[in-house]
Amino acid sequence: MAEPAEPAEPAEGPAQTQPQSQPRHAARAEHPAYLVGLRLAGRRVVVLGGGQVAQRRLPALVAAGADVALISPSATPSVEAMAEAGQITWTRRRYREGDLAGAWYALVSTSDPVANETASAEAERTKTWCVRSDDAEAATAWTPATGRSEGVTVAVLTGRDPRRSAAVRDAVVEGLRDGSLAAPHSRDRSPFVALVGGGPGDPDLITVRGRRLLAEADVVIADRLGPRDLLDELPPHVEVIDAAKIPYGRFMAQEAINNALVEHAKAGRSVVRLKGGDPFVFGRGMEEAQALAEAGIACTVVPGISSSISVPAAAGIPVTHRGVAHEFTVVSGHVAPDDPRSLVDWKSLAKLTGTLVVLMGVDKVGAIARTLIAHGKAPDTPLALVQEGTTAAQRRVDATLATVADTVRAQDVRPPAVIVIGAVVTEGPHK
Ligand SMILES: C[S@@+](CC[C@H](N)C(=O)[O-])C[C@H]1O[C@@H](n2cnc3c(N)ncnc32)[C@H](O)[C@@H]1O
C-alpha cells in the first residue's frame with residue numbers, strides 16, 4: 001500500500017509542534033538545544049518514512065557517509081533513486097519494534113502517528129537520538145537550518161522560529177560566499193592563484209566560488225570582457241590590473257600577462273585572473289595555467305558561464321531545442337575562413353543541421369556567411385547577432401546568411417557579439 005507523503009518536518013523546535021503526547025521532561029522546551037556535529041561515517045542511521053522529509057534529509061546523511069537504512073513501504077522517486085544507486089538500503093515495509101537496533105541516530109517521519117510514537121519510545125529506550133517530523137517536542141534531537149560554503153558548515157537553531165533560523169543561515173552562508181562576511185581563514189593561510197571565469201558580463205552571472213575568491217584576492221588581473229562592475233566593489237587595498245594595459249615591450253601581450261601572474265604569485269600575493277565567460281573557451285586560460293605550472297605555481301581554475309550559451313539565452317535563443325536542433329557547435333571567427341591560420345572546417349560545418357555559434361566573428365561575418373552558403377547552407381538560414389549580451393547595453397540584430405553582411409553594416413553591429421546561426425534563432429519568445 002502506498003504510504004502518503006507525510007507533513008513537512010519542522011526545521012526545529014517547539015514552534016511548529018502539534019503535540020500528540022505530553023513532554024516527558026517538563027523543562028525541556030525551556031532549555032536551549034546543545035549543538036553538536038555528528039560524525040556519522042559508517043554508522044547506522046535509521047530513517048522511517050520515505051516521503052518529503054526523508055527526501056530533504058537523506059542527501060546530507062549520505063554526504064556524511066552514514067550507513068542509512070530506510071524503512072518504508074513507499075518512497076518518493078528521488079528517495080527511490082538513492083536506493084537504486086546504492087546510497088541507502090531500503091526495506092519496503094512499515095516500521096516494526098526493534099528496527100532501531102544498532103542505530104546511532106533516527107529520523108522518524110512516517111505518516112502513521114502510532115508508528116512514530118512507538119519508534120520514538122524505542123529510541124528513548126535505546127538512547128538513540130531521534131528527530132520527529134510530527135512532534136518536535138517529543139523528539140530528542142532537532143534538525144538545525146544548515147548550509148555550507150567552502151568547507152564551513154553553518155547550523156542555526158533559534159528554538160522557536162524555524163523561518164528565522166533559515167534566514168540567519170542564508171545570511172551567513174551568503175556573506176561567506178560573497179565575501180561580505182569577513183571570516184578570514186587561519187592566519188597562515190597560503191596565498192592562491194585562481195583563473196576565474198567571470199561569466200558574460202552581468203555581475204550576477206559569476207559563480208559563487210569565483211565571487212568568493214575575488215573577495216579574498218590581493219591582486220586582480222581583469223579582462224575587458226566579463227563582470228567589470230564587480231571590480232568597483234573590491235576594497236581599496238586590492239590592486240586591480242587591466243590586462244589590456246599591461247605593457248608588453250619585447251613580449252607578446254599574452255606573455256606579458258603570464259609574466260604578471262607569475263610575478264605577483266611569486267611575491268606571495270593571492271591573485272585572481274578574472275576572465276570573461278569561461279577561462280577555457282577561447283579564453284587562453286590554459287596558456288596561463290601552463291605558464292604558472294612552468295614557474296612551479298599551482299592554480300585553481302574556476303569555470304564560468306560561457307557567452308557562447310548564455311548570451312544567446314539572454315536574447316531568448318536556445319542553442320538546442322527539441323525537434324529543432326540536436327547539436328550546437330561553437331567556433332571562433334577571429335580569422336577569416338580562407339585564412340591559412342584558420343583551424344575551422346567550414347565545409348563540414350555547412351553540412352550540420354544544428355546550431356552554429358560564432359564568437360569573435362563580427363568583422364568576418366560576411367565572409368563566414370558566404371563560405372557557409374558556398375558549401376551548401378541555405379541562404380535564408382536565420383542568424384542573430386547579440387551584442388554586449390547580459391549587460392544594460394544588450395542588443396539583438398536578426399538577419400539571414402544572405403543579408404547579414406549588409407545588416408551588420410547598416411545597423412553598425414560591433415564586438416563583442418555572439419553570432420547564432422540556425423533554426424533556433426526563430427524559436428522562442430522573439431519569434
Ligand atoms: C576571446 S572570446 C572569450 C570568450 C569567453 N571565454 C567565453 O567563454 O564567453 C571573446 C568573444 O566572446 C564573445 N562575448 C563574450 N562576452 C560577450 C557578451 N557579453 N556579449 C556578446 N558577446 C560576448 C564575443 O564573441 C567576443 O568576441
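Which residues does A106 touch, not counting residues up to four places away in sequence? The legends below take up this question and others in turn.

View 1. Residues are numbered from 1 along each chain as its sequence is written. The mean pLDDT (the predictor's confidence in each residue, from 0 to 100) is 89 for the chain, and 90% of its residues reach 70 or more. Over residues 1-27, however, the pLDDT is below 50, although this stretch has 71 contacts in the model beyond near neighbours in sequence, a contact being two residues whose C-beta atoms, placed from the backbone, lie within 7 Å. Where pLDDT is low, the predicted coordinates should not be read in detail. The chain is divided into domain 1 (14-143), domain 2 (148-178), domain 3 (193-305) and domain 4 (308-426), with bounds that come from an automatic or database domain assignment.

**View 2. The largest nonpolar core and the surroundings of A106.** This core, a set of buried Ala, Val, Leu, Ile, Met, Phe, Trp, Tyr and Cys residues joined through C-beta atoms within 7 Å, has 35 residues, and V47 and A106 have the most contacts inside it. Buried here means that 20 or more other C-beta atoms lie within 10 Å of a residue's own, whereas exposed means 12 or fewer and partly exposed lies in between. Among the elements that give two or more residues to the core are β1 (44-50), α1 (52-63) and β4 (105-108); helices (H or I, at least four residues) and strands (E, at least two) are DSSP runs, numbered from the N terminus. A106 touches V46, L100, A119, A123, T128 and C130, residues up to four places away in sequence being left out. Apart from this core lies another, of 34 residues, including A314, V365, A384 and V418.

**View 3. The shell around the ligand.** The ligand is surrounded by 24 residues, of which the closest are G277, V281, G283, S306 and S307, a residue being near if its C-beta atom, placed from the backbone, lies within 6 Å. Both α9 (307-314) and β17 (417-421) supply at least two residues of this shell, and α9 gives the most, with three residues.

**View 4. E233 in its loop.** E233 is placed in the loop between α6 (229-232) and β10 (239-242). E233 is partly exposed because 15 other C-beta atoms lie within 10 Å. E233 and A215 are 18 residues apart in sequence, and their C-alpha atoms are 8.8 Å apart in space.

Terms used
Predicted model: local features only at pLDDT ≥ 70, side-chain atom pairs only at ≥ 80, totals over all residues.
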